[in-house]
Amino acid sequence: MNEPQHLISIKAALQNKRMPLYHRIIRWTWRLLAGGMLAVAILFLFINFTAIPSFRELEDPSSALASEVLASNKEVLGRYFTENRVPVAYKDLSPHLVNALIATEDERFLDHCGIDARAVARVAFRTILLRDQSAGGGSTITQQLAKNLYSDRNFKGMSKVEKFFALVYRKLREWITAVKLERSYTKEEIIAMYLNQVNFINNAYGIHAAAEVYFGKDQSELKLEEAAMLIGMLQNPTYFNPVRFPERAMRRRWIVLYQMRKNEMLTEAQFDELKVRPLDMSHFKRVTFTDDKAPYLCSELKKDVSRILDAPECRRADGTKYNIYKDGLKIFTTIDPVFQQQAEAAMQEHMKKLQKRFFEVWRKRDPWTHRGGSASTEEIENRQASLMSLIRDGDRYQALRPRYLDEVSNIVKKRYDFDLRDADIERMLSEERKTGSIGKMLSEGIATSEQAAVYRSLMRDPEWVEIKNQYRALQAAIKKVYNIKTPMKVFTWDNPRFEKDTVMTPLDSVRYHRMFLQTGILALDPTNSEIKAWVGGINFKYFQFDHVRTERQVGSTFKPFVYATAIAQQSISPCFQVYDQPVTIPARYQNFTNITDWTPKNSNNTYTGLRMTLKEALKNSVNSISTYLMKQMGDTEPVRGLCNSMGIDSSARRSDGQYHIPKQPAICLGAADLTVMEMTGAYATFANKGIYGLPFVIKRIEDKNGRIIYRSLPEEHVALPPNANYVMVEMLKYNVSGTPGINTLKSEVGGKTGTTTNQSDGWFMGITPRLVVGTWVGGDDRWIRFLSLADGQGSRMARPIFAGFINRLEKDTKSGYDFNARFVRPPGDLGIETNCASYEQGDAMPTRDEEDFFPDIYNDELNEDGTIPGREKKPDDTFGDELDGG
């Protein structure tokens, strides 16, 4: 039926009216399309001409230059590099490797021009549109090679929009680079370059090193299943590490072999035979580097250099970061090689004797079950848990874990998007044993609310039963493995190699090495704040943990900060006398925040009741006098403020939320956990006329062409008035006057020892006009300690290292150490009387505090017979005398 004429007229009129709009839409559509194409073309051109780096590094992997750490005399202290690598030409590559690589990573490698259109389409359709995460990647071998030219592959800190545009930009750049590579090199050259570039972890860079590290042979001699395993690692070398995760590596090897069969590179019979062969890692040998002359420093320096190179002003002209392992940087440090060598020699000489005594004390005793002192059942359980944690970190445990927990961990990951750890399982088991444990962990900050929610949900999940069963089976297997005697090498002080062959169980090996006392030593020039020596432990090969920047309780080495505050604020004379008797700081007294009355006791639990000068009190670490001074201040802030001025950040908080320097009066006895670095920097203030300088070890960093990337700038300020500071120097000198080992030195020396609860930490902070040395000695676990104050006090554990170090420097004509330098008294009247004979002629009277008190846990040093140091008839506390006396 025909439409009425009036309707046709109306439609025509509307169409004529809308035509301009249609024309505008069409014009803008074409403009946007053309503009988009033009933008993409411009972006391609921009990337093509400005963002594609040289291919030289791919052609010659050895062109990557090691960065060097240089001493103050330009001597090389250590290197950062990735070059456990020997390039292999394509003609020398094992055919097994080539076939496995193509079959697994890029089936159409010989047909495409760098970009596999079919693979890209597959990824776009299945991964992006269908959200199928198992669709695989679309990168060709050439694209993967192209990625190695760029270091900006981290999306951390980006928003979703930023990630999208960054991903598009990087993918376009990768495609263009891949096409250029295909045009510049043959397929054979690309395969060789790729296999020479790959990082197989365990310091195996390139296929040549990988074959040597994992199988102890040249890559040309690899069996087909060995080649398949190495190629399988390419997807994720850490995840498919055959040493830690053999079952994962086996499954991945099966996939590689399957791909080879699928692509007709293997027969069905070969595949069936090869897929069941065991993984033979008997020839695995990890490459390690412990030849650096200052290994602990070099290890820690990597963190500092990385942080410096992150800064925008320390990047290349194009904004990319320098690579510490490849860019041949020169890192100039303040370390003096002679000082470093002598510090290590003094440490080794003393620690050998100290360890011998330690093993004598603990013979037929077990530190993990010993109940001496105030050890509770909970503490013993914590020790056992700590030992188990060490076992879990070992290669044997990590190799067994996937066999038992991979399947259940994958289920948990899918259901809860949660990575299940052993610690999580232990927490849930703890909740089963005692209801409320998770809530307690939550309140103490051990577990987060998100973790607690997953724990509770998982414990209601039927899978929880299987998780427990598999975890318990793993523990049973580990117990068996760790109790089989095995030939091994262990650390020893008994020979110059510091290593011996022995047979013991892996569990005994863990316990044996954990029982070695450790040390942290830092030597600093107080006149310019340059670090001259850094010793972070006793042996880097066996104990990589650095103790220079590790927080430990400082004990009585903190007391000079209390005395210095009192002297600076009130001009108190070191000759001022106070009665040695109990002192109580009542709850919330003045500005203190302690919620109960606090009355510390002296180290020997007695009080002489006699008058004692401040300098005698500091020398003998009399707790009652330190408490008296703190009470007189009425607040912890004056002391915390001085510490802040001396480089110890009083506003910083620990991981548990508590202040780095607690706002409690107990800090006057050393109830603070600080680092050797912080303490040495603070004591350098005393040696530098009251001026604090920020300690530094990196002078400057240059690129391979000598361009300065970074230069350190001095940071210093006045922390103590010169007169008060000089009084403190005199008191520190008085502390060590007549001390064995120090009384024979030519240098002018001051210092303070420190000993913490149960002798867990021994400290000595020593100052001379040209060198300040901080020394800490103790166990990595606080229960690895001496059982008596006679053995475990700072004067026996730490002070001999300082004395030996300075003695060696004085005798070494190459050291340049100035032992004739003396502390300088400020000009004019100090305004503080330091001559006690003159002071006693005045009217100053000792002060008393008549109150009743309760004991506290803090103590300091006693002689072997229980007398106070300085009051015995023949003071002699050298460690050698202790050994001779048994």
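Predicted model: local features only at pLDDT ≥ 70, side-chain atom pairs only at ≥ 80, totals over all residues.
## Sorting the residues

Ala, Val, Leu, Ile, Met, Phe, Trp, Tyr, Cys and Pro count here as nonpolar, Asp, Glu, Lys and Arg as charged, and the others, Gly among them, as polar.

Residues are numbered from 1 along each chain as its sequence is written, and side-chain values use heavy atoms, with hydrogens and water left out.

## The whole chain

The protein chain has 31 helices and 18 strands. Both are DSSP runs numbered from the N terminus: helices are H or I with at least four residues, and strands are E with at least two.

Of the 886 residues in the chain, 52% are buried. Buried means under 20% relative accessible area, exposed means over 50%, and partly exposed is in between, using a 1.4 Å probe and protein chains only. As for contacts (heavy atoms within 4.5 Å), take those in the chain with a separation of 6 or more: 72% of them are between residues 24 or more positions apart.

## The second largest pocket

Rolling a probe the size of a water molecule over the atoms shows where empty space is left. On a 1 Å grid over the protein atoms alone, a pocket is an open set of points with protein on both sides within 12 Å along at least five of seven lines, whereas a cavity is a set of points where a 1.4 Å probe fits but cannot get out; lining residues have an atom within 4 Å of a point. Grid points are joined across faces, edges and corners, and a volume is the space filled by probe spheres set on the points.

The second largest pocket holds about 2100 Å³ of space. Its lining has 41 residues, and Arg-286, Gly-394, Asp-395, Ser-509 and Tyr-542 lie nearest the centre. By class, the lining comes to 19 nonpolar, nine polar and 13 charged residues. Helix H15 (395-416), strand E4 (486-491) and helix H20 (506-514) each supply at least two lining residues, and H20 gives the most, with five.

## One disulfide

A disulfide is a covalent bond between the sulfur atoms of two cysteines. With the rule used here (a pair of cysteine sulfur atoms within 2.5 Å), the count comes to one. The partners are Cys-575 and Cys-836, with their sulfur atoms 2.1 Å apart. This pair ties together distant parts of the chain, 261 residues apart: Cys-575 is in the loop between helix H21 (559-570) and strand E9 (577-579), and Cys-836 is in helix H30 (residues 836-840).

The link between Cys-575 and Cys-836 is left-handed, with -90° about the S-S bond. Both Cys-575 and Cys-836 are buried. Elsewhere, Cys-314 is buried at 4% relative accessibility, and Cys-668 is buried at 0%.

Helix H7 (residues 187-197) is largely enclosed by the rest of the structure, because nine of its 11 residues are buried. Among them are Lys-187, Met-193, Tyr-194 and Gln-197.

Most residues other than glycine have a negative phi. Asn-203, in the loop between H7 and helix H8 (206-215), has a positive phi near 60°. Lys-689 has a positive phi too, of about 60°, and is found in the loop between helix H25 (676-687) and strand E12 (691-693). Asn-203 is buried, with a relative accessible area of 15%, while Lys-689 is exposed, at 52%.

Gln-451 lies in helix H18 (residues 449-460) and counts as buried because its relative accessibility is 17%. Not counting residues up to four places away in sequence, Gln-451 touches Phe-418, Arg-421, Asp-424, Arg-427 and Ile-446. Phe-418 is 33 residues away along the chain, with 8.7 Å between the two C-alpha atoms. The side chains of Gln-451 and Arg-427 make a polar contact (3.4 Å). That term covers a pair of N or O atoms within 3.5 Å; within protein, one must be able to donate a hydrogen and the other to accept it, and residues adjacent in sequence count only if both atoms are side-chain atoms.

Asn-241 sits in the loop between helix H9 (224-233) and helix H10 (246-262), and is buried at 5% relative accessible area. A polar atom of the Asn-241 side chain lies 3.0 Å from the backbone nitrogen of Val-243. Leaving aside residues up to four places away in sequence, Asn-241 touches Ile-201, Asn-202, Tyr-214 and Pro-246.
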